[in-house]
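Visitor: I am new to this structure and would like to ask about its charged residues. Could you take me through them step by step?

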Amino acid sequence: MFKAIVSAATLRDALDSVSVLVDECKIRLNEESLSIRAVDPANVGMVDLTLDAAAFESYEADGGVIGVNLSRLEEVAGMAGSGDLIHLTLDEETRKLNIRIDGLSYTLALIDPDSIRQEPDIPDLDLAADIVLEGTHLDRGIKAADMVSDHIRLRVDAAEETFHIEAEGDTDDVDLSLPPADLISIEAGAADSLFSLDYLKDMNKAIPTDAEVTVELGEEFPVKLHYQIAEGMGTITYMLAPRIQSD
């Protein structure tokens, strides 16, 4: 059983955070939250989304699992205005999702959850550095890095308590240096890792520029990015595997 009413803006923010990595996913309809966990086909990027029941205008679920085509669901949600409410009802017999938006009715065929890639385990990593910054700074650093390279280096200068977003190209280099005054907070530690810029660019598309983004970083370890949506009632975590730097 699943019946819910949610704002179009909240649903789109949630779907966008997942669709940057995968085309289809399992949605767990827990009693107190909706959750999605998925990994891209190359096993490089992961996403973990939890949207609390409080983020919905109304929410009823009994713990089922459905499989969805994200691009199709996003197209339907995209037909709603930002202030519209989207009504979602699962038809248990037909295994279809009935969607209503201000007079528009749409019946979405679901995917067998067993045919969708298994959900990943996101490891609990003990990472040395913890940086909290505005999404606009992260966006600026990623865009600058994209001008010179297809890789991006995230680094913390522990002595200076400064976070660096860097890229080295064949001829040009970029370094966005963010001292404590430009950060919301920093717990400095030894941290220096190289990542695929394409993946970070995709993740960055979903992160609002006004969001507070927490970056957990280590030495040649995966990076974790956390941010919230729906006024703090939704939490999204990305994890991206590093490119190991050769000496």
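What follows is a conversation about charged side chains in this predicted model.

Visitor: How many salt bridges are there?
Guide: A pair is counted when a side-chain nitrogen of Lys or Arg is within 4 Å of a carboxyl oxygen of Asp or Glu. By this rule, the count of salt bridges comes to 11.

Visitor: In which helix do Arg72 and Glu75 both lie?
Guide: The side chains of Arg72 and Glu75 meet in a salt bridge, with 3.9 Å from N to O. Arg72 counts as partly exposed at 39% relative accessibility, whereas Glu75 is exposed at 52%. The two residues are 3 apart, about one turn of the helix, and that helix is H2 (residues 70–77).

Visitor: How many residues apart in sequence are the parts that Lys201 and Asp146 tie together?
Guide: The side chains of Lys201 and Asp146 form a salt bridge of 3.3 Å, N to O. Because Lys201 belongs to helix H4 (residues 197–206) and Asp146 to helix H3 (residues 135–146), the pair ties together parts whose separation in sequence is 55 residues.

Visitor: Is Glu166 buried or exposed?
Guide: Glu166 in strand S12 meets Arg155 in strand S11, through a salt bridge of 2.7 Å from N to O. Salt bridges with shared partners join Arg153, Arg155, Glu166 and Asp192 into one network. Since the relative accessible area of Glu166 is 10%, and the cut-off is under 20%, Glu166 is buried.

Visitor: Which strand holds Asp52?
Guide: Asp52 gathers with Glu31, Glu32 and Asp62 in a patch of negative charge on the surface. Asp52 counts as partly exposed, at 32% relative accessibility, and its place is in strand S4.

How values were computed: Residues are numbered from 1 along each chain as its sequence is written. This is a predicted model: local features need pLDDT of at least 70, side-chain atom pairs count only at pLDDT 80 or more; totals for chains, interfaces and linings use all residues. Side-chain values use heavy atoms; hydrogens and water are left out. Patches are made of residues with over 30% relative accessible area and no salt bridge: like charges are joined within 9 Å, nonpolar side chains (Val, Leu, Ile, Met, Phe, Trp, Tyr) within 5 Å. Accessible areas come from the Shrake-Rupley method with a 1.4 Å probe; for residues, only the protein chains shown count as cover. Lys and Arg count as positive and Asp and Glu as negative; His and the chain ends are not counted. The place of a charge is taken as NZ of Lys, CZ of Arg, CG of Asp or CD of Glu. Helices (H or I, at least four residues) and strands (E, at least two) are DSSP runs, numbered from the N terminus. Buried means under 20% relative accessible area, exposed over 50%, partly exposed in between (1.4 Å probe, protein chains only).
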